[in-house]
Amino acid sequence: MNNYVYVGCGNHRLDSFIHIDIDYAKRFKKGEKVPEPDFICDITKKLPFQERSVDLIFSRETLEHLTYRELINHFIECHKVLKIGGKVRISVPDLDIMVNNFMKRENQFLKKKEQWEIDKDFPIENHSEFFVAQTLYHDHRYNHNFETLSNSLKKVGFENITKSK
């Protein structure tokens, strides 16, 4: 049996995954109610698994909320609990794409503005203000691209790091 783990699941659930989040409250986000996560824990301290027991660790829109030190701690934990040949799959806002869209003025901020849960204290009346709000959005602590993530993964012992499209 495979052990697939979804860290920072919030109110999102994937079939056949073990779901982890830092608190119960996120399951009510946007008025939805989803089942409780399987584990409540701080992914920057300790993952609730034995060493070499997990096949896949997945995160979506989570790691940008960690400081650099917290990110490294999380990757150390991932490396510890993953089976030999296990994988980490990460989805984060890509700083390269955000900067490229900003430079090309292609982010259509008015259309996207309604989709984001941007702090009401941010002014979002033009292209530049949307970019600032997007990069500092909702307690983002670190902006990532493939280079920042792959360097961090390598520091703790990961190899064969690839970027998916």
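A polar contact is a pair of N or O atoms within 3.5 Å; within protein, one of the two must be able to donate a hydrogen and the other to accept it. Keep that in mind as we walk through this predicted model.

Start at helix H2, residues 95-104. At its start, a side-chain oxygen of Asp-94 comes to within 2.8 Å of the backbone nitrogen of Asp-96. Just after H2 sits Arg-105, with a positive phi of about 55 degrees.

Asn-145 brings us back to Asp-94 and Asp-96. Asn-145 is found in the loop between H4 and H5. It touches Asp-94, Leu-95 and Asp-96, leaving aside residues up to four places away in sequence. The side chain of Asn-145 also reaches the backbone nitrogen of Glu-147, at 3.1 Å. Is Asn-145 buried or exposed? Its relative accessible area is 12%, and buried means under 20%, so Asn-145 is buried.

Next, look at how H2 packs. Two packed helices are described by the angle between their axes and the distance between the axes. The partner here is helix H4, residues 127-136. The axes of H2 and H4 come within 10 Å and cross at roughly 175 degrees. Angles over 145 degrees count as roughly antiparallel, so H2 is roughly antiparallel to H4. Which residues meet in this contact? From H2 come Met-98, Val-99, Asn-101 and Phe-102. From H4 come His-127, Ser-128, Phe-131, Gln-134 and Thr-135. The residues of this contact divide into four nonpolar, five polar and no charged.

Now turn to the aromatic rings. A pair of aromatic rings is described by the distance of the centres and the angle of the planes. How many aromatic pairs does a search of the whole structure find? It finds seven. One of them joins Phe-17 and Phe-58. Their ring centres are 6.3 Å apart and their planes stand at 65 degrees. Planes over 60 degrees apart count as edge-to-face, so this pair is edge-to-face. Phe-17 is in strand E2 and Phe-58 is in strand E4, residues 54-60. The two are 41 residues apart, and the pair links distant parts of the chain. Both Phe-17 and Phe-58 are buried.

Phe-39 and Phe-49 form another pair. Their ring centres lie 5.7 Å apart with the planes at 75 degrees, so this pair too is edge-to-face. Phe-39 belongs to strand E3, residues 39-40, and Phe-49 to the loop between E3 and E4, so the pair ties together parts that are ten residues apart in sequence. Phe-49 is buried, with a relative accessible area of 14%. Phe-39 has 31% relative accessibility, so Phe-39 counts as partly exposed. Rings can also link up beyond a pair. Ring pairs join Tyr-4, Tyr-6, Phe-17 and Phe-58 into a cluster.

Finish with two backbone angles. Ser-16 is in the loop between strand E1 (4-7) and strand E2 (17-21). Its phi is near 70 degrees, a positive value in a residue other than glycine. Exposed means over 50%, and Ser-16 has 64% relative accessibility, so Ser-16 counts as exposed. Asn-160 lies in the segment after helix H5 (146-155). The phi of Asn-160 is positive as well, near 55 degrees. At 75% relative accessibility, Asn-160 counts as exposed.

Note on methods. Residues numbered from 1 in each chain as written. Predicted model: local features only at pLDDT ≥ 70, side-chain atom pairs only at ≥ 80, totals over all residues. Heavy atoms only, no water. Helix = DSSP H or I, 4+ residues; strand = E, 2+ residues; numbered from the N terminus. Buried < 20%, exposed > 50% of the residue type's maximum accessible area, 1.4 Å probe, protein only. Axes fitted to C-alpha atoms, helices over the stretch in contact; angles between N-to-C directions. Parallel < 35°, antiparallel > 145°, perpendicular 65-115°, else oblique. Contact = heavy atoms within 4.5 Å. Nonpolar A, V, L, I, M, F, W, Y, C, P; charged D, E, K, R; others polar. Phe/Tyr/Trp six-rings, centres within 6.5 Å; stacked < 30°, edge-to-face > 60°.
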